[in-house]
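Welcome! Have a look at the structure, then try each task before reading on.

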Amino acid sequence: MAGAEGPRMVIPMGRAVGIKLFSDGVMVVGFSQIPAAGGNVIPAKSCGLREGDVITHINATEVDTIEEVQEQLTQIGGEEMSIRAVRDGKTVQVTAQAVQCSTDGSYKLGAWLRDSMAGIGTVTYYDPVTGEFGALGHGVNDVDTAQLMPLESGGVLKASVTEVKKGVRGTPGELHGQFDNQEDIGSLWANTSYGIYGTLEQGDLAQTAPMEVAAKEQVKTGKAVIYSNISGDEVRSYEVEITKLFSKAEDGRDMMVKVTDPALLEATGGIVQGMSGSPIVQNGRLVGAVTHVLVGDPTQGYGILAQRMLETGEKCKISEDVE
């Protein structure tokens with residue numbers, strides 16, 4: 001991560017925030033039978049749509065929300081329509097025919113749809129020069145289909161952690177928080193397998209000084225700390241140990257991390273959902289971020305290299321600028 005002017009410098013964060021995403025298209029997350037004059041039918045399934053498909057157009061009209069889909073179904077009625085969707089990165093097209101529900105008279109396809117998601121997560125780093133940030137260290141996936149949510153737009157909100165559901169063996173714990181819905185403090189422009197990326201309009205979340213981003217070869221097994229926000233809006237450092245480094249981790253699981261800090265173990269049981277993105281610092285450098293907990297042992301989990309996150313964010317930003 002060293003450039004002409006020296007190593008990349010960013011601020012490690014560890015701050016919990018509210019995250020909201022609006023999808024580029026409408027995702028099919030399930031199917032349901034529609035009671036119609038000829039019996040119970042599922043037009044969406046009959047025409048060839050599958051769970052995980054992202055509907056982008058009905059006839060020639062682009063659709064990004066559930067309301068827009070319903071508007072099209074109301075206008076088209078029982079006539080045939082062309083549905084364009086994205087499946088595994090490729091465009092598919094099917095011909096469908098909505099049916100009139102005998103219960104409420106509306107035209108339906110029998111598909112459960114999702115167009116947005118919201119939750120709590122942790123910001124990993126913030127660049128005070130550009131205002132850009134990376135968070136989570138993994139993508140935001142749909143809860144039903146496990147597919148990466150295609151991002152149309154998104155925002156970041158101030159959040160306060162109100163409660164911790166402690167993790168135990170076999171059941172991951174979780175942070176619960178309250179969002180300030182009055183104002184976005186940042187915008188999202190990428191949802192990737194290696195994290196979410198965007199720009200913070202308010203840099204006052206940062207509570208530490210910038211530090212160097214470690215290159216892969218500078219990360220070692222041994223003692224480290226994570227910055228995490230498990231109560232209110234306070235970020236604290238906790239002792240961990242990097243127990244293993246993986247040379248080829250295409251899924252972003254670059255290291256194994258074990259929580260050793262007694263205070264964190266007492267409060268959370270180890271790593272819990274919502275802590276994803278907590279920065280890992282070693283020898284004065286940002287080396288990575290916590291990403292996943294081991295369900296069978298909540299004291300341990302995986303982490304992604306900070307170098308990988310920074311490089312991913314830079315590629316996404318270049319792509320957005322080109323578009």
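**Exercise 1.** Decide whether Phe246 is buried, partly exposed or exposed.

*Solution.* Start with the cut-offs: buried means under 20% relative accessible area, exposed means over 50%, and partly exposed lies in between (1.4 Å probe, protein chains only). Next, take the value for Phe246, a relative accessible area of 24%. Phe246 is therefore partly exposed.

Before you go on, note that this is a predicted model, where local features need pLDDT of at least 70 and side-chain atom pairs count only at pLDDT 80 or more, while totals for chains, interfaces and linings use all residues. Residues are numbered from 1 along each chain as its sequence is written, and side-chain values use heavy atoms, with hydrogens and water left out.

**Exercise 2.** Find out how many aromatic pairs the whole structure has, and describe what you find.

*Solution.* Rings of Phe, Tyr and Trp (its six-membered ring) pair if their centres lie within 6.5 Å; planes under 30 degrees apart count as stacked, over 60 as edge-to-face and the rest as tilted. A search of the whole structure gives one such pair. Its partners are Phe246 and Tyr302, with 6.3 Å from centre to centre and 45° between the planes, a tilted arrangement. Now place the partners: Phe246 sits in the loop between E19 and strand E20 (255–259), and Tyr302 in strand E24 (residues 297–305), so the pair ties together parts 56 residues apart in sequence. Strands (E, at least two residues) and helices (H or I, at least four) are DSSP runs, numbered from the N terminus. Finally, Tyr302 has a relative accessible area of 18%, so Tyr302 is buried.

**Exercise 3.** Locate Arg236 and say which residues Arg236 touches.

*Solution.* First, Arg236 belongs to strand E19 (residues 234–245). Its relative accessibility is 39%, which means that Arg236 counts as partly exposed. Leaving aside residues up to four places away in sequence, Arg236 touches Ile226, Tyr227 and Ser228, where contact means heavy atoms within 4.5 Å.
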